[in-house]
Amino acid sequence: MWVQLSKSFRACGQKPLPLARTQCSTTSAPSSTPPSTTQERVSPTLMRLRNKYESDIWKCFKDQNLGEADRLFLQAREKGVRPNKKMLLTMMQVYNLLEQYNRTEELWEDLLRSGITPNKVALSLRMGALCHLKKYDEARSCLDPEKVNLDIELVNLLIGAFVKASEYDRVVELLRFIDGKQLKFDVLTYTTLMEMNRKMKRVEGIDFLLEQMSEDGLTPDVYLCNRLISIYEELEVPEKAVNIWKQMNRAGIVADIGTYQSIIPVFASLGRADLVDRTRDLLANMGGLTVFSLKVLCRAYVRLEKWSLAMDFFSKLKNKDEELAGLMATTYHKLQSEKQQELLREIVTANMNMKE
């Protein structure tokens with residue numbers, strides 16, 4: 001696997017370059033307070049109180065009432081309730097969602113001080129927090145094979161965080177680290193590595209990773225196919241995007257709304273107004289004329305110089321879009337009649353006056 005990936009990196013113009021979606025973590029330094037070796041003794045009253053807080057905090061988390069979960073957690077501590085593993089893990093998720101990553105780190109230390117062995121969930125939450133804090137070396141150290149059982153999910157988490165932060169050398173180092181450790185890449189690994197190559201504008205790297213996926217016996221899912229169509233269109237190789245579209249049909253991968261939204265700009269770039277029209281109708285039949293679809297169609301028809309159709313879809317927008325309004329404003333002189341020009345000015349002005 002690594003030999004082949006090395007070829008990919010050379011094809012990208014330097015050391016091997018793959019991609020994957022992830023977040024990070026690190027192993028924490030040993031706690032200054034040794035973990036308790038005796039079983040925790042809790043009075044029946046405190047036990048009932050803890051169970052009540054645990055249930056209420058969990059309900060708030062599920063309902064995405066994160067502020068209330070935080071309030072209850074602090075209140076529980078003020079009342080002398082010692083959080084158990086479930087409560088700590090729930091609050092680590094809460095603080096990550098609230099982007100209070102230092103507090104996630106504090107709860108990791110609480111886990112260790114309580115003598116609780118962190119599981120993979122706790123480790124991944126801590127890795128994610130560390131990456132957001134840009135503590136990449138600490139996050140990377142979490143994958144110490146002497147301390148944790150390595151698996152591809154944790155590796156994906158870290159690769160994804162590095163790719164998001166454009167820390168490509170760290171991705172290379174991590175791939176070298178896992179070489180020979182019997183970890184098999186999954187679809188998510190390849191998806192993230194392709195995203196990295198997209199950011200680096202390396203079409204050949206994406207092509208290589210697709211070939212490697214096939215050799216590994218992996219089939220792209222509909223999400224990856226949609227991303228590949230969009231990536232190839234963005235990198236101005238629409239023929240490759242069309243090839244992915246055809247391969248989906250041959251492989252029996254059912255197109256979804258995202259697929260049609262992705263392929264419309266490709267057809268527009270190729271000047272195929274007929275295919276844009278046909279795909280538009282498919283979207284409408286699926287109930288897929290969402291706000292995003294309207295914007296995609298508007299841009300496609302501008303590209304195809306179908307000014308009236310572009311204006312029609314732009315007029316259906318119910319939210320402000322300054323970028324698209326600016327694009328539409330450039331088409332005034334393309335309209336054949338003064339009446340159409342005045343109508344478009346009114347539509348653009350109305351959009352610009354909408355709330356965000």
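Predicted model: local features only at pLDDT ≥ 70, side-chain atom pairs only at ≥ 80, totals over all residues.
1. The Arg280 side chain makes a polar contact of 2.9 Å with the side chain of Tyr301. Setting aside neighbours within four places in sequence, Arg280 is in contact with Tyr301 again, plus Ile264, Leu289, Leu297, Leu309 and Phe313.

2. Next, α11 (residues 203-215) and α12 (residues 222-234): their axes come within 12 Å and cross at roughly 155°. Angles over 145 degrees count as roughly antiparallel, so that is the label for α11 against α12. The crossing is left-handed. From α11, the contact uses Val203, Ile206, Asp207, Leu210 and Met213, while α12 brings Leu224, Leu228, Ile231 and Tyr232. By class that gives 8 nonpolar, 1 charged and no polar residues.

3. Now have a look at α3 (residues 66-78) and α5 (residues 101-113). Here the axes come within 15 Å, with a crossing of roughly 40°, which makes α3 oblique to α5. The crossing of α3 and α5 is left-handed.

4. Who meets whom in that pair? On the α3 side there are Asp70, Phe73, Leu74 and Arg77, and they meet Arg103, Leu107 and Asp110 of α5. The contact of α3 with α5 has 4 charged, 3 nonpolar and no polar residues.

Terms used
Residues numbered from 1 in each chain as written. Heavy atoms only, no water. Axes fitted to C-alpha atoms, helices over the stretch in contact; angles between N-to-C directions. Helix = DSSP H or I, 4+ residues; strand = E, 2+ residues; numbered from the N terminus. Parallel < 35°, antiparallel > 145°, perpendicular 65-115°, else oblique. Left-handed = near helix turned anticlockwise from the far one by under 90°. Contact = heavy atoms within 4.5 Å. Nonpolar A, V, L, I, M, F, W, Y, C, P; charged D, E, K, R; others polar. Polar contact = N/O pair within 3.5 Å; in protein donor to acceptor, adjacent residues only side chain to side chain.
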